[in-house]
Amino acid sequence: MTTPAATATGPAARTDEGAPLSALAPTAAAGALGECLNIADLREAARRRLPRGVFEFFDRGSEDEASLHGNREAFRKIKLRNRVLVDVSRRTQATTLFGKPMSMPLAIAPTGVAGVCWYEGEVELARAAARAGVPFTLATPSVTSIEKIAAVEGGRKWFQLYMWRERELSYDLVRRAKDAGFEALMLTVDTAVPPIREYNRRNAFSVPFQPNPRILADIAMHPRWLLGVALRYYMNGGLPTLAHYPKGASGRTAAPRGVSVPNLRGDDLTWDDVKRLRDMWKGPLMIKGVHLAEDAARAAAEGCDAIVISNHGGRNLDSAVAPIQVLPEIAAEVGGKIEILLDSGVRRGGDVVKALALGATAVLSGRPTLYGLSVAGEAGALHALSLLRKEIETTMGFTGCASVADISPRTVWME
Ligand SMILES: Cc1cc2nc3c(=O)[nH]c(=O)nc-3n(C[C@H](O)[C@H](O)[C@H](O)COP(=O)(O)O)c2cc1C
C-alpha cells in the first residue's frame with residue numbers, strides 16, 4: 001500500500017518544496033537550535049525554557065512511568081543490519097498515505113497542550129508540518145480552533161477526536177472538521193478514564209490553567225516563557241482556553257468541572273460509535289490506541305482506513321506494552337488491509353526505520369516536535385523534523401535501503 005515517490009530527493013534534508021530545512025530556521029532561533037544536535041538536546045533546551053509544571057506535564061508519563069521508559073527500551077532491543085554493496089546514492093524517504101504524498105514517513109501526533117509550550121503553538125506546529133511536507137493532527141483539547149488551523153496555508157490537516165458521552169457535542173466537532181476541509185479523522189480510544197499523573201498535582205499544574213502560588217513561583221523563574229508565551233497571550237486577549245470544549249468543561253477527557261455540560265465522560269465508547277463515525281465521515285478514518293490484533297482486525301472490518309498502535313506516549317495505562325512490541329503480530333493480522341501507524345517513544349530516525357521494517361507505513365511524532373516547538377516555535381518544530389529526517393536517511397544508507405519500499409523485516413534483527 002505504501003509506494004515510494006517517483007523522484008529521489010538526494011541525501012540532503014529537504015522540504016517538499018525542495019528547500020533545505022536548515023535554511024528555514026529564522027536567524028534569531030538558529031543559535032539555540034544550532035546547539036541541538038538531536039531530539040535529546042531539544043528536550044533539554046525545552047526543559048530549561050519551560051516552567052517545571054508545563055515541562056513535566058508534556059514530558060512525563062503516568063504512575064511509575066513503566067510505559068514511558070518501556071517504549072524506549074523496546075526500540076533499543078531491536079537491532080538493525082547493514083545491507084552491503086547496494087547503491088544508495090539516491091535515497092528517498094518520500095512516501096504516500098491515503099493516496100497523498102508525504103516527504104517522510106511521519107506525521108505530527110495530536111498533542112493537546114501545544115499552545116501552552118509556545119504562543120499559538122498549534123498554529124506554529126501546523127505551519128512547520130506544512131513546510132516539511134508531513135501531515136499535522138489537531139487535538140480535541142487544543143487551544144486553537146479547527147477553523148484557525150484550516151486557515152494555515154498548505155499542508156495536510158487531520159483532526160483527532162475524543163468522543164464525549166454527550167455525543168452531539170462530538171459530532172458537532174466532526175462536522176466542523178469536515179466543513180473546514182480537514183483530510184482525515186483520528187478517533188482516540190485509549191482514554192476511557194483519566195490517567196494518574198501525580199507530578200501534576202505536586203506541581204499544582206492543570207489544564208485549563210488555574211493560577212496558584214506554586215505555579216506562579218514556577219513561572220517567575222522562567223522569564224522567557226513568561227514573556228514569550230504567558231504575557232503575549234495576556235496582551236492578546238488573555239490566557240488561552242480549550243477551543244473545542246463547551247464552556248465550563250475541564251480539559252480532562254473524562255472530568256466535567258462545570259454544571260453547564262451534563263457529562264463529558266467518554267468511557268462508554270464502543271464499536272457502535274465507530275460505525276456511526278464511519279457513516280458520518282467519508283474521508284480517511286483512523287483508530288488511535290490499538291494494542292490487540294483482534295481490535296485491529298475489527299477496525300479493518302468496520303471500514304476504518306488506519307489504526308495507530310500507541311500507548312499515548314506512556315501517558316495513560318502504565319505498564320502498557322510498547323507499540324513496537326506488538327507491531328509484528330498486528331501487521332501479520334491486518335497488514336495490506338489497512339494502514340498501520342505507530343507512535344510512542346520515537347526519538348531517532350533509526351526508530352522510524354525499525355517501525356517501517358516491522359510493518360508500519362509511518363510513525364507519529366508527539367514529544368519530539370513539542371520539544372522543538374518549546375524552544376523556537378515553528379523553526380524549532382522544523383528542526384526536530386529535520387533531525388529525524390537526517391537520521392532516517394542515514395539509517396537507510398547503512399541498511400541498504402534506497403526507498404521506503406526497500407525497508408523490510410530483514411532490515412531488523414530481534415531476539
Ligand atoms: C502533551 C501531550 C498531549 C497529548 N494530547 C493528546 C490528545 O489530546 N489526544 C491524543 O489522542 N493523544 C494525545 N497525546 C498522545 C500523542 O498523540 C502521542 O500518542 C504520543 O505523544 C506519542 O508518543 P511520543 O510523545 O513518545 O512521540 C498527547 C501527548 C502529549 C505528550
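Among contacts in the chain between residues at least 6 apart in sequence, what percentage join residues at least 24 apart? The figure is 74%, where contact means heavy atoms within 4.5 Å.

Before you click around, note that this is a predicted model, in which local features need pLDDT of at least 70, side-chain atom pairs count only at pLDDT 80 or more, and totals for chains, interfaces and linings use all residues. Residues are numbered from 1 along each chain as its sequence is written, and side-chain values use heavy atoms, leaving out hydrogens and water.

Start with the whole chain in cartoon view. You will find 16 helices and twelve strands; these are DSSP runs numbered from the N terminus, with helices being H or I of at least four residues and strands E of at least two.

Next, select residues 293-301 and 323-334, helices α13 and α14. Their axes (lines fitted to C-alpha atoms over the stretch in contact, with angles from 0 to 180 degrees between N-to-C directions) come within 9 Å and cross at roughly 35 degrees. Show side chains here: A293, A296 and A297 of α13 meet E329, I330, E333 and V334 of α14. By class, that contact has five nonpolar, no polar and two charged residues; Ala, Val and Ile are among those counted as nonpolar, and Glu is among the charged.

Now move on to residues 349-357, helix α15. Nine of its nine residues are buried, meaning under 20% relative accessible area with a 1.4 Å probe, protein chains only. Among them are D351 and K354.

Methods
Buried < 20%, exposed > 50% of the residue type's maximum accessible area, 1.4 Å probe, protein only.
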